[in-house]
Each structure stands twice: as structure tokens, then as C-alpha cells.
Amino acid sequence: MSYAKPNFRHPRLPKNALGYTVSDYDGAISTLCAGCGHDSISAAIRNACFLSSIQPHRIAKLSGIGCSSKTPTYFLGKSHGFNSVHGRMPSVATGASVANRDLTYIGISGDGDTASIGMGQFVHLIRRNVNMTYIVANNGCYGLTKGQDSATADLGSLSKYGAANQFEGIDLASLALLQGASFVGRSFSGDKEQLEPMIRAAIAHKGFAFIDVVSPCVTFANHVGSTKSYSATRTQLDAMPLDFVPMREEIRTQFDAGTSQAVTLHDGSVIHLHKARDDYRTDDRMAALASLQESKENAKFLTGLLYLDPNSQDLNQTLNLASRPLNDLGKVELCPGSRVLNSINEGLR
Amino acid sequence: MKQIKGVNDFVVKFANVNGTGSASANHLFAKAIFRMGIPVSPRNIFPSNIQGLPTWYEVRVSSKGYLGRRGGVDLMLCVNPQTIEDDLASVEPGGYFVHDSTKPLAPHLKRDDVTFLGIPLTEMCMREFKAARLQQLLKNVVYVGALAALLDINFSILKDLLSDQFKGKEKLISPNVHALEMGYQYVTENFKCPLPIRLQQGVNDAPHIRESEHILMNGNTAAALGAIYGGATVAAWYPITPSTSVVDAFSKYAERMRIDPGTGKKNFAILQAEDELAAMGMVVGASWNGARAFTATSGPGLSLMSEFLGLAYFAEVPVVLIDVQRSGPSTGMPTRSQQSDILAAAYASHGDTKHVLLFPATPRECFDMTVQAFDLAEQLQTPVIMMSDLDLSMNDWMSPPLEWDDDYEMNRGKILDAEGLDSIETWGRYLDIDGDGICYRTLPGTHPSKGAFFTRGSSKNEMAVYSEKGEDYVQNVDRLLRKFETAKSYVPKPKVHDPIPVKKPKTDLKLGALFFGTSASPSYEAVEILAAEGYPIDVMRIRAFPFHESLDAFVHDHEMVFVIEQNRDGQMRQLIMNECHIAPDKLASVLNYSGTPITARTIAAQIRKALDTQGSNVVKLHPETA
Ligand SMILES: Cc1ncc(C[n+]2csc(CCOP(=O)(O)OP(=O)(O)O)c2C)c(N)n1
Ligand code: SF4
Ligand SMILES: [Mg+2]
């Protein structure tokens, strides 16, 4: 990430360290249904990037296809974005990220986009530990194609048309944990206090940061009997809040000792997990899995930063990529010239 | 019996079992002929299998420099009992059959018109070498030694090649040389050497082949070097024969030439994707971000990539795809060669899409066209597909050396940097300012407040704002068509050659032939055969799609045009009919789709037959029956 001198002046709005106001992180007006959870995620991303003082144009937004994948239009209007094809954003993000390791990558997907058509690419994205933040706006249905059950819909959850889902839902957070993801979080679009710092932490994390966000579809999955409605989620919510303190910033909040766990990220930022259960640790993958399972059995919906390995090796390191972005290399670095070619010819005679 | 005679003009075929080490011995044979300065073209005909199935190696020697397949076999060397009957049957009358005589041949394996040359290969190796693996491996070297005497190969060249091959493993040189000598000695003692077909250094009737300069290389290695020289930094792929060796070679050269000298870190990334969908997605992502990226695949992979190809076409993201064509789906025939992805590639994907295709015919062109593909993809902001095939890509071809102009600069096309964005009045990603259908691209991360937009498929207006208006869509796709028109003047032009003078023409029809890729060599040869018979045929070699206007003119200037290609449906013929609005009866197909590369004899026979029965426009003959 590169930081530049601020060059914007807005008289009243508060400014971040770069001098940008939050409106510099706005996108176009949303065309989603009023009340759609996805809009809250867009707002959280906007606020997170503002608060973390990231230059908007140094962020790249990528998505697949779905209502959720449309949202990059609605935040970070100064950032390039790529609305790719259904379920295949992970590969586009992988290529983009190796081509220019200096940008911040934020991927937005849906539960259909990730857990069905894109399942293959999703697990391989985790496996490669691509340096990006990957958010699934999870509503248990295909919003854009009008409400069919998705693969994350819970067993027995009622569809808009009254039918009970007959299949076990895929839990993406558990899957990401099993597959070795270096950062796994789960949140709720209605819980801004938790979601914003979690996105900030995800962006600061070096490696693949996955956040599964329950994001109710007001049009097709917000009725009684839908397990991913606002009310069902609120009723079951068991949230572990957290705070994010970016590098070079003083810790302003005071936490009660004993109820706060601090995790330092590779860039020096600190995540504070407070008011969490005393025994929850973010460095224990097995325990995270068990907590998710336990919470489900108790008809609870556990959210929070579930697992974090601040020292994971991302794809750029695995590939031993040069520090200068590949897309910035020129003839001198790339083209070996005629002398080398002549010696290759010689070897082929 | 009349034996086939000839200096530097014959076809030798080896019948082996795969996994027995025959490949390197056979290569040694071909390379020795190459080093003697005699035009030679070896071809592997191999199964989709690792060990135990029949495999052949066909070596054409042609003083006239014909590098395509001729058809027919003059000398068969058969060490595979599984195929011996067919192998014997395929020898030309007057030809030669070299076999392992450790056990006597079955009584039914007889032919009066073939010279049998039995060598007790197994017995000799059992006697001479102890280790079982050595006995098997060196049997191949023994027969090369035998052929050296039978065909008069320069023995010291063979020895040099062995020393090259075993550099660093010197211990292996002496048993190999010994095996060569064993074979050599056996045949000189038992047969009259050399045979009436033989080699002779210095006899070369091919002025276009300068043996001192030519190299022997396969198309995939050449394409990989093209990617290195063309500045590719990201290669994403999923293994599939016959394209795999493109990325293998790219990796090999990149590890040598693309390591940052200061840090030892890599100025390239190779991503082995989970499938071809992902491979193409990675290329699209990397190219969108301004890196030169490519993938290599074959037919099934091309099918899987087609959704992304459509997106790249509409989103106008450069993509370089090397499609090494093979025969159809699944496993088995896929290790055989065809030119059968033409239509699938030209129109890959949904909606109205057309893609730029390049058709290399030699390794040199694989190199040049790969470099060019990166320039074209960026200039035209669209996918460019280089259509190679198994024959070109995996076989060694005699090729003029690769050349590089150190003044070459990558043509990145219309990309606006921060300064450019500041100096332009109104920028819209899909605004056609220059009228050539090509708009100005911006890359992520360039400018703090200008040039960002949301890349998407088809629903957008000129300013890259979401739109589902019919007018916006129509305007966009019409502009894409304009861009495709522009592409015609950017892509390599077809090659025409001076007509061969024909003394007493047997026909007054104005005849033409169109061909491309690996169909070219045997087509040139067939045209010469037919010219000698009194049929003058003008030729044009297609090198790219969209077609250059001279192709339209060529078709219009001739009364009957043969389109020579290696697929069942005459796909290039269809593409020409479609794109140049040409009536079907003007274009006659000359086809081969058996999986083995088309031969000059097949082409000549089909054209002869078509001329005898004028009017029927599709003439199909199985190559081996022609
Ligand atoms: C290859 C392909 N198949 C099907 C579709 C149709 N389609 C568009 S969005 C979608 C489902 C989206 O669901 P999800 O990812 O959960 O997003 P949501 O709309 O719920 O936010 C489908 C099936 C498509 N665009 N592409
Ligand atoms: S259909 Fe559902 S997911 Fe789509 S915008 Fe409306 S509320 Fe959101
Ligand atoms: Mg959904």
C-alpha cells in the first residue's frame, strides 16, 4: 500500500489522516431494494476504508454476479472495480493480485456466487492465501434470480413460497477454517459496531481474509420461518465485539483487563477483542470450529473474529514475487534481448 | 523385386511401445540427419498413455525441404509385436522392414515386395548388458546404430550427439556408444550397406533451407519464448496435452531469464489453476490490472474458457490464449493432431462475439506470433487466440532461427496514465474518440480522482455507467464490430507465392488453394505435385482472422478454390463463407481428420479427384486410402 499527501479540502466533514472525508469513499446511489442488508455492508466498507485512511484509488473492488456482486458500484466510486462472471471472481482477483501486489483488494460475493457456482474457485482462493479481503453477503438465497434457496440456506428454513429447505446448509466460515484460511470472521450486516472494525482488520491482514456476513434479503428471505431474516438473526445473535487500532495510532479506548485480548497484525495494527468470552482465543482453529458447531447446536449465531494467523505467508510470498509490481516492469526487466536468443538458437542446432 | 531408391528423399517410421525409452533414441536419429544438413521432419504419433501402448515416430527426409507429411512409409523399423501386422502392411512396395529377429517372425508376416532386415536386438542386448533397464533402453540405441549403417548416417555426429545428451552423466556415454557400434557392426556384417535409400551430406535441393542456420525446435517451446520476449509476466494454466509444454517451457526460461538480479525474486508468476475457467479468470484479472498475461490450453479447455472469453470481449480486456488443437474431447484421440477448434475459437462465447485468431505454420511463427499476440491484445483490447496444433507444437521442426530486434518496444495500446487523464477533456472508457472502435483504457490505481470505473460485461454506456438501454447496447456492439474491422489491418496478412509455371495446363479453370497452419507444408508440396501433372493452382496461406481483404479478392479471382484443413466440417471454409459472403459452391474442402497430420499425397489425391468430378464441392477421403 502506498500513502500520498492529502489533496482534498472539505470544510465541514471530518477528515481522515490523508485528508479525505467519508464522502470521498462514496459510490453511486444504490439500486437495491430498500432495507437490503447488502447496503449496510457497502456502508461498512466505505467507513472502514475511510477510517483506515486508504487512498480510494489504491483499492480494487472485485465481485461475481448477484445483488451482492452489484454493490461495488455503491461504494468507493474512486476505485476501479470488476464485476466479473458468476462464481469466478476468485480467479480474477488472484490474477489481479499477482499483477499488482501494491493495491488493496476487496472482493464482494454472494452465497450463491460463492457456495454454489463458485465453490471450486473459493476453496482454491483460500488455499492460495491470496492477499485480499473476501466478503460474502449471505442471505441464504439467490436474490437476483428471485429467491431460490442457496446452498447456505439452513435445513428447514422456509422459502418465500413456503417450502422448507431439504438440504443441510453449507457453513462458509467452517469451510474456510477447515481449508486453512488465515483470517476468518463472521458478522451480521445489522451489526455495524462489529462489522466495521472487522473489515478494517481484514484489510490490514496480509493474506486471505474471509468474512461471512449474514445480510438479509428483505424481498425474498425476511419472512417468518426464514433463518436469515433480520429478526431471526437478531434473536440468535451471539456477537463477540472487537476494536481495530491501525498502525501508528494510539490506543484510545480502555478495555477491562482480563476481558480483552489484543492481536497484533503484521503491519503493526492491533485488534482488540473485548467483552468476548474469556476463553475465546483467535489462534486456535479447532476451537473456532468447535465454537461454531456448539453455537449452532444451541440455536445461536456466533459472530466475531473467529480465527487469525497474523504471520501467514500470502501468495505473493509463496511465489517469491519481486517487490516491484509485475504490471510495472518494462522491457529492461522482461525482455532478454537478441544476444540471449542467438545463444538459444545455437543450442537448437 | 524393385527396391525403392533415393538419396535424401524417403520416409522412415519407427513402431515402438511407449515408456521403453525409444523417444530419445528416435530423436537421436532425426537430430543426426538434421546435423548432417539434410532437411528432415520427425513426428511423434503417440497414445494418451504413460506406458505400454503403441507409439510411432515418423521421420521424413526430403532434399527438397518438404517438411509436411508425404504419406506412405519406405522403411519401417518395428519393435512392437502388438502392431507388427499393420506396420508391415503399411510399407510401400519396394520398401524395407527392419525388425527384431531374436525370435523368428510369425509365418503369416510375409510380403514379397518388401526387403526384410532382421536384427536380433533383444538377444544382442541380453548378451551385452546386465541391468534389465539397460537391456531395454539400449535396444533402441542399437537399432539407431544399425540405421546409421543402413542409411549412411555420419557416425561421428551420432557420437557427438550422445556426448551432448549425457553431459554431466558421462558414465552413460560409453555404453550408449557401444550400443550404437553393435548395431552398426551387425548390419555391415550381415547386409549390403548402405541401402538404395540413403543419406548423403551436401545434397540439398531446398534453397530456402540454409542448413547452417536452421534450428530444430517445437512450436510450444517457440511460443513460450515468444511469451518471454513479448513481456508476459503472468501465466495461468491447467495441464492439458498438447499445450502443457508451453507453460513448462515458459517456466524453464523464466527461471533463467526473469529472476531479479538484486534480490533473486521473480519477475513473473506462474499459476497452476484449478481448472481452465480459473486459468482464464486469472489471465483476465492480471490483464485488467495491466500485466501481460496468457494461458495455453486445448479444445476442452477452450470450451471451459468461453464464458470468460465473452466477458473479456465485452469488457475489452486483453487476453492471450494459445490453443494447441487436438482431436476432440475426453481421452485417447486427444494426443492426435487436428485443426478443429476454428469455429469454436472464432465465435467462442455467448452474445455476439468474434475473436482475433492467429495461425502459425512454423515454430518461428509460433514465436513471432506470440509476441505479436500480446501487442495485438493490448492494441485491440480483446482476446487474441493463437491456433497452434499438436503437430506443430510437440514435434521438432526445422525452422529458420528465431530473430529479435532489440529496438522492439511493447505496444501497450491506448492506456491513459495519470498525466494522460489530466490532459484529456472528457474521458469515458467506451468513448470512441479516434473512430477506430478502440477506446482509452485506464488501469486500477492510476489517478486519485479520475479514470476509475466499474468494469462489467454488456450493460453499460460509453461512460462505463450501468445501462440496460437498447441504444447503448447497440452502440457498443456496433463499435466492437468497428474495432474488428480495424483489426483487419493490424493482424498478419496472408502469404501468397508466385504461381508455379505449368507447361501444358490440363484445365483452363482458374484454381486456387487456401490453407493455414500445419496444413501449409504438405499443401505447398501437393501443389507442386499437381503443377507437374498439369494443374496450375495459385495458393494463399491464411495467417489470421479477421480475414484480410486480399483473401476476399483471392476467392473472387478464382473459379474454384480448395480450402485445405484438418477437421471434418471444413471449419475454415465455413468461416470464410460466413465472413466473406462467398457462395458455398465456390469453395471445395480438402480434408483430413484422422488425427495424424495431413499428407501431401492426400491433398493431391483429393484435388485430383475433385477436378475429375467437378461439381461436387466436398471431397472427403480418408488419408490412408488416398
Ligand atoms: C453462469 C451463470 N449462471 C446463472 C446466472 C444467473 N444468476 C445471476 S445472480 C445468481 C444468483 C446470485 O445469488 P447470490 O450470489 O446469493 O447473490 P444475491 O443476489 O443473493 O446477493 C444467478 C444464479 C448467471 N449470471 N451466470
Ligand atoms: S432481492 Fe434481496 S438481495 Fe436483492 S436487492 Fe432485493 S433485498 Fe437485496
Ligand atoms: Mg444470496
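Of the 18 residues around ligand 1, the ones that come nearest are A:Ser68, A:Asp111, A:Gly112, A:Asp113 and A:Gly143. Keep in mind that this is a predicted model. Ligand 1 lies between chains A and B.

**Ligand 1 and its shell**

What does the shell look like by class? It has six nonpolar, nine polar and three charged residues. In chain A, α2 (67-70), α4 (111-115) and β5 (141-142) each supply at least two residues of that shell. Which element gives the most to the shell around ligand 1? That's α4(A), with three residues.

| Residue | Atom on the protein side | Distance to an oxygen atom of ligand 1 |
|---|---|---|
| A:Cys67 | backbone N or O | 2.8 Å |
| A:Gly112 | backbone N or O | 2.8 Å |
| A:Gly143 | polar backbone atom | 2.8 Å |

As for cover, ligand 1 taken alone exposes 590 Å², and the protein buries 76% of that. A:Gly112 and A:Gly143 also turn up among the residues that come nearest to ligand 1.

**Ligand 2**

Now for the other ligand. The residues around ligand 2 include A:Leu32, A:Cys33, A:Cys36 and A:His38. Further along chain A, the list has A:Cys67, A:Asn139, A:Cys217, A:Val218, A:Thr219 and A:Phe220.

**A buried glutamine in chain A**

A:Gln121 sits in helix α5 (residues 119-128) of chain A. Is A:Gln121 buried or exposed? It counts as buried, because its relative accessible area is 2% and the cut-off for buried is under 20%. The side chain of A:Gln121 does have a polar partner: a polar contact of 3.0 Å joins it to the side chain of A:Ser91.

**A nonpolar patch on chain B**

Over on chain B, B:Met463, B:Val465 and B:Tyr466 form a nonpolar patch on the surface. Together they have about 270 Å² of accessible area. B:Met463 is found in the loop between β19 (454-455) and α15 (470-490) of chain B. With a relative accessible area of 38%, B:Met463 is partly exposed.

If you're checking backbone torsions, start with two cis peptide bonds. One joins B:Cys193 and B:Pro194, with omega about -10°. B:Pro194 lies in the loop between α6 (173-190) and β8 (197-198) of chain B. The other runs from B:Phe545 to B:Pro546, where omega is near 5°. B:Pro546 belongs to the loop between β23 (544-545) and α17 (549-557) of chain B.

Then there's phi. B:Glu316 isn't a glycine, yet it has a positive phi of about 60°. You'll find B:Glu316 in the loop between α10 (299-315) and β13 (319-325) of chain B. B:His581 isn't a glycine either, and its phi is positive at about 50°. B:His581 sits in the loop between α18 (571-580) and β25 (587-591) of chain B.

Which is buried and which is exposed? B:Glu316 counts as buried because its relative accessibility is 1%, whereas B:His581, at 68%, counts as exposed.

Definitions and conventions. Residues numbered from 1 in each chain as written. Chains lettered and ligands numbered in written order. Predicted model: local features only at pLDDT ≥ 70, side-chain atom pairs only at ≥ 80, totals over all residues. Heavy atoms only, no water. Near = heavy atom within 4 Å. Polar contact = N/O pair within 3.5 Å; in protein donor to acceptor, adjacent residues only side chain to side chain. Areas by Shrake-Rupley, 256 points an atom, 1.4 Å probe, with all protein chains shown as cover. Helix = DSSP H or I, 4+ residues; strand = E, 2+ residues; numbered from the N terminus. Nonpolar A, V, L, I, M, F, W, Y, C, P; charged D, E, K, R; others polar. Patch = residues over 30% accessible without salt bridge, like charges linked within 9 Å, V, L, I, M, F, W, Y side chains within 5 Å. Salt bridge = Lys/Arg side-chain N within 4 Å of Asp/Glu carboxyl O. Buried < 20%, exposed > 50% of the residue type's maximum accessible area, 1.4 Å probe, protein only.
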